Amino acid sequence: MTLRTRQHEVKDPSAEIPCMPSPMRRILNRMVQYTRARLDASFAALSVATRRGVLEQLGRSDASITDLAERFHMTLTGMKKHVGVLEQAGLVTTEKVGRVRTCKLGPRRLEEETDWIERYRQLWDARFDELDKVVEELKRKEKIDGRNKRE
């Protein structure tokens, strides 16, 4: 089974699970899509320095949008947009009391994102370890060749 995207066809990984009934495959695929959407939203939210700064600030203490806008030297409208992106990703929650909208860190703890990053860190560590072995072997051979040429 293949899925058509706008640019190309992608093989559905759940189609390769023959013992899994068809409805279960669809549920599995939706879960994968949901996880990807969450990762996309999180990484998009974290891709802007201002939003990372807002998270750091809220890690110290809750703040109003007005306070955050002043701290980051931007308009209220601009800060509301940044907070909205963080809120959609579940990284920030807001509460309006009277005319003041207060922001605080959201319930998400970035565990899925951390796991994703850790898998790639381990992959790259393994690749660099293999590269180190190749470099050491080349140095060893170069040293031996250098001794053989002098003799």
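The model is predicted: local features need pLDDT of at least 70, side-chain atom pairs count only at pLDDT 80 or more, and totals for chains, interfaces and linings use all residues. Numbering starts from 1 along each chain as its sequence is written, and side-chain values rest on heavy atoms, with hydrogens and water left out.

## Overall make-up

The protein chain holds five helices and five strands. Read from the N terminus, the order of elements is β-β-α-α-β-α-α-β-β-α. Helices (H or I, at least four residues) and strands (E, at least two) are DSSP runs, numbered from the N terminus.

The chain has 151 residues, and 21% of them count as buried. Buried means under 20% relative accessible area, exposed means over 50%, and partly exposed lies in between (1.4 Å probe, protein chains only). The accessible surface of the protein chain is about 11,800 Å², with 54% of it belonging to carbon and sulfur atoms. These areas come from the Shrake-Rupley method with a 1.4 Å probe; for residues, only the protein chains shown count as cover.

Among the contacts in the protein chain with a separation of 6 or more, 42% are between residues 24 or more positions apart. Contact means heavy atoms within 4.5 Å.

## The nonpolar core

The largest nonpolar core contains 15 residues. Such a core is a set of buried Ala, Val, Leu, Ile, Met, Phe, Trp, Tyr and Cys residues joined through side-chain atoms within 4.5 Å. The residues with the most contacts inside this core are Leu58, Leu68, Met79, Val83, Leu86, Val92 and Cys103. At least two core residues come from each of helix H2 (49–60), helix H3 (65–71) and helix H4 (76–88).

Leaving aside neighbours within four places in sequence, leucine 86 is in contact with Ala45, Arg51, Val54, Leu55, Leu91 and Val92.

## The sheet

An open sheet of three strands has the order E3-E5-E4, and its pairing is antiparallel. Strand E3 (63–64) and strand E4 (92–97) are at the edges with a single partner strand each, so one side of each has no neighbour in the sheet. Two strands pair if DSSP finds at least two bridges between them.

E4 and strand E5 (residues 100–105) run antiparallel and are joined by six bridges. E3 and E5 also pair in the antiparallel sense, over two bridges. Within E5, cysteine 103 is the bridge partner of alanine 63, and valine 100 is the bridge partner of valine 97. Two residues lie between the strands in the hairpin of E4 and E5, where glycine 98 takes a positive phi near 65°.

Lysine 96 has its place in strand E4 and stands opposite arginine 101 in E5. The C-alpha atoms of lysine 96 and serine 64, which are 32 residues apart along the chain, are separated by 9.3 Å.

## Helix packing

H4 lies across E4 and E5 and runs at about 120° to E4. Axes are lines fitted to C-alpha atoms, for helices over the stretch in contact, and angles run from 0 to 180 degrees between N-to-C directions.

How far apart are the axes of H2 and H4, and at what angle do these helices pack? The axes are 10 Å apart and the angle is about 75°. H2 and H4 are therefore roughly perpendicular to each other, a term that covers angles of 65 to 115 degrees. In this contact H2 contributes Thr50, Arg51, Val54 and Leu55, while H4 contributes Met79, His82, Val85 and Leu86.

## Single residues

Histidine 73 is not a glycine, yet its phi is positive at about 50°. The residue sits in the loop between H3 and H4. Leucine 110 likewise has a positive phi, near 60°, in a residue other than glycine. The place of leucine 110 is the loop between E5 and helix H5 (111–150).

Glycine 53 belongs to helix H2. Its C-alpha atom is separated by 8.5 Å from that of phenylalanine 72, 19 residues apart along the chain.

| Residue | Relative accessibility | Class |
|---|---|---|
| Histidine 73 | 75% | exposed |
| Lysine 96 | 54% | exposed |
| Leucine 110 | 24% | partly exposed |
| Glycine 53 | 15% | buried |

How values were computed: Angles under 35 degrees count as roughly parallel, over 145 as roughly antiparallel, 65 to 115 as roughly perpendicular and the rest as oblique.
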